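Hi everyone, thanks for making time.

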Amino acid sequence: MTAFAHHDAYIAAAPEALRPLLTLVRARLGQTLPDVKEVIQYDMPGFGCAGLVIAGYAAFSKQCGLYVSKGAISAYSDDIAAAGLKASKTGVTFSPSKPIPDELIAALALASRKELAV
């Protein structure tokens, strides 16, 4: 796996079909968390502060993931299901055919930040 220095490089290396989704997630997280820095941790782009990642995102071969705190996923499990998306303990997967709604990105990021108290 390639180590990435910044978000632009990560997005550029992702499968072409997923790049617009990653760009959208990055922009929405940046709008929602304007005072938080872009970080790369565990070879994944995200937004964090105080050594903690509030929200991260990743691309795979056919889908993307948004990664937040366990409490954020739990708090918005009904919204995730209503959007037709699948969730794990700390992430939500989405694809070009089933994108993640902007408002859900924002809600998950804010809930994660609240849980992490940063």
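First, some housekeeping. This is a predicted model, where local features need pLDDT of at least 70, side-chain atom pairs count only at pLDDT 80 or more, and totals for chains, interfaces and linings use all residues. Residues are numbered from 1 along each chain as its sequence is written, and side-chain values use heavy atoms, with hydrogens and water left out.

For orientation, UniProt, in an unreviewed entry, places a feature called "domain: YdhG-like" at residues 19–109; such annotations may be inferred rather than shown by experiment, and the positions are in the numbering used here, with feature names shortened. Over that stretch the chain is 37% helix and 32% strand. Helices here are DSSP runs (H or I, at least four residues), strands likewise (E, at least two), numbered from the N terminus.

Now, how many salt bridges does a search of the whole structure find? It finds 3, counting a side-chain nitrogen of Lys or Arg within 4 Å of a carboxyl oxygen of Asp or Glu. D8 pairs with R26, with the closest N and O atoms 2.5 Å apart. That pair links helix α1 to helix α2, 18 residues apart. R26 also bridges to E38, at 2.8 Å between the closest N and O atoms, which connects α2 with strand β1. Together, D8, R26 and E38 form a network of salt bridges.

The remaining bridge I want to show joins R113 and D35, at 2.8 Å from N to O. R113 sits in helix α5 and D35 in the loop between α2 and β1, so the pair ties together parts that are 78 residues apart in sequence. R113 is buried, at 17% relative accessible area, whereas D35 is exposed at 54%. Buried means under 20%, exposed over 50%, and partly exposed in between, with a 1.4 Å probe and protein chains only.

Next, the surface. D78, D79, D102 and E103 gather in a patch of negative charge. Patch members have over 30% relative accessible area and no salt bridge, and like charges are joined within 9 Å. Helices α4 and α5 each give two or more residues to this patch. D78, in α4, is exposed at 65%.

Finally, the backbone. A50, in the loop between β2 and β3, has a positive phi near 55 degrees without being a glycine. A117, in the segment after α5, also has a positive phi, about 55 degrees, and is not a glycine. A50 is exposed at 72%, and A117 is exposed at 66%.

Definitions and conventions:
Patch = residues over 30% accessible without salt bridge, like charges linked within 9 Å, V, L, I, M, F, W, Y side chains within 5 Å. Areas by Shrake-Rupley, 256 points an atom, 1.4 Å probe, with all protein chains shown as cover. Lys, Arg positive; Asp, Glu negative; His and termini not counted. Charge placed at Lys NZ, Arg CZ, Asp CG, Glu CD.
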